[in-house]
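Q: Could we go through this model together, starting with the overall fold and then the interior?

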Amino acid sequence: MASTALVLGGGGITGAAWEVGLIAGLAARGADLTAADLVLGTSAGALAGAQVTSGLPLAELYRAQCTPSEVEVTAAMGRALMFRYGLAVFTPGSPARARKRLGRLARASPPLAEAQRRAVIGAWLPSHEWPTQRLLITAVDADTGESATFDSSSGVSLIEAVSASCAVPGVWPPVTLNGRRWMDGGMRSAANADLAAGSKRVVVLAPIWKGLRVMPAALLQCQALARGGSSVVLVAPDAASAAAMGRNVLDSAGRPAAARAGYAQAESALAAVSALWSGERLPGASDGNADLGSVALGDDLDPRQVAGLDGGPALE
């Protein structure tokens with residue numbers, strides 16, 4: 001079992017930039033998360049995970065996020081697509097059936113040559129080789145709804161794995177790996193933090209920390225980890241970071257602002273993250289948090305009493 005785990009959740013192109021900025025800001029302040037025994041990436045978190053485990057200095061990665069990308073991507077999830085998501089997720093049935101419905105949506109995505117999509121992902125990765133440390137990347141089978149993880153032993157390239165995990169249904173088509181079509185790992189959960197079970201210390205960065213009926217919230221998954229004996233810190237965007245990430249998280253033009261906001265937020269997240277990462281006793285969690293921001297989780301924390309950035313409770 002891993003001693004330390006870094007979980008990077010999904011949240012679009014700007015969400016990945018926020019994660020890289022936050023990790024770089026924490027490292028600059030003395031808390032380097034990149035040495036985690038396990039790095040688990042979902043969707044945008046897969047992209048960020050591949051970047052921060054590439055061996056490129058974090059300061060250089062951060063500067064790259066703050067510079068307009070040579071590869072521009074502008075996609076959007078309009079009202080019609082969101083309505084179709086709602087039908088897939090809120091129609092009665094099990095999580096597996098909901099993922100199969102999302103798979104049908106994925107298979108109907110606008111056509112795009114897989115080679116073209118891989119070229120975009122490849123341009124954003126400092127290294128195209130799997131890292132020496134353990135990097136797990138999540139994806140969901142677009143035909144069966146089955147979820148899976150890919151690593152260096154899966155027989156697929158790093159670019160292919162990240163491309164699959166980032167294949168947002170209705171926006172980008174599924175990616176074929178080992179004869180199966182795979183879509184965004186966030187269709188199981190935006191963070192998939194439960195997959196870090198057994199790790200002693202877990203830091204979860206969750207651009208999207210709420211759940212959506214069949215997609216468990218990162219907050220609830222983190223609390224389950226705490227009940228299982230893990231020490232857990234969950235960091236979600238504060239108000240400034242959420243504003244910087246913008247309404248359209250699939251627009252690469254928002255990367256610089258999101259990265260800078262993440263770097264700045266590291267200041268407020270530092271105490272909780274450093275206490276956990278160093279093995280110190282975590283500060284007691286309070287169920288009176290007005291802004292999620294950074295929360296050290298214990299099994300006595302009632303997730304319904306932790307307010308989100310919009311003042312509402314986490315979805316269950």
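Q: What should I know before reading any values?
A: This is a predicted model, in which local features need pLDDT of at least 70 and side-chain atom pairs count only at pLDDT 80 or more, while totals for chains, interfaces and linings use all residues. Residues are numbered from 1 along each chain as its sequence is written, and side-chain values use heavy atoms, with hydrogens and water left out.

Q: How many helices and strands does the chain have?
A: The secondary structure comes to 10 helices and 9 strands. Helices (H or I, at least four residues) and strands (E, at least two) are DSSP runs, numbered from the N terminus.

Q: And what share of the chain is buried?
A: Of the 316 residues, 55% count as buried. Buried means under 20% relative accessible area, exposed over 50%, and partly exposed in between, with a 1.4 Å probe and protein chains only.

Q: Turning to the strands, which ones pair with β2?
A: Strand β1 (residues 4–8) is joined to β2 by 4 bridges, and the two run parallel. Strand β3 (residues 134–141) also pairs with β2 in the parallel sense, over 4 bridges. Two strands pair if DSSP finds at least two bridges between them.

Q: Which residues are bridge partners there?
A: A5 has L38 of β2 as its bridge partner, and L40 has L136 of β3.

Q: What is the handedness of the crossover from β1 to β2?
A: The chain passes from β1 through α1 to β2 in a right-handed β-α-β crossover. Right-handed means that, with the strands pointing away from the viewer, the path from the first strand over the helix to the second runs clockwise.

Q: Are the faces of β2 covered or open?
A: Both faces of β2 (residues 38–41) are covered, with L38 and L40 buried on one side and V39 and G41 buried on the other. In a regular strand the side chains alternate between the two faces of the sheet.

Q: How much space lies in the largest cavity, and what lines it?
A: It holds about 40 Å³, where grid points are joined across faces, edges and corners and a volume is the space filled by probe spheres set on the points. The lining consists of I13, A16, A17, L47, Q51, Q65, W124 and R255. Helix α1 (12–28) and helix α2 (44–52) each supply at least two of the lining residues, and α1 gives the most, with 3.

Q: What lines the second largest pocket?
A: That pocket is lined by 15 residues, of which A64, S69, A123, W124 and R255 lie nearest its centre. Helices α3 (58–65) and α6 (114–124) each give two or more residues to the lining. The volume of the second largest pocket is about 240 Å³.

Q: Last topic: where is N192, and what is its phi?
A: N192 lies in the loop between β6 and β7 (201–205), and its phi is near 55°, a positive value in a residue other than glycine. N192 is buried, with a relative accessible area of 0%.

Q: And N178, buried or exposed?
A: N178 counts as exposed, at 56% relative accessibility. N178 sits in the loop between β5 (175–177) and β6 (180–184) and has a positive phi of about 50° although it is not a glycine.

Key:
On a 1 Å grid over the protein atoms alone, a cavity is a set of points where a 1.4 Å probe fits but cannot get out, and a pocket is an open set with protein on both sides within 12 Å along at least five of seven lines; lining residues have an atom within 4 Å of a point.
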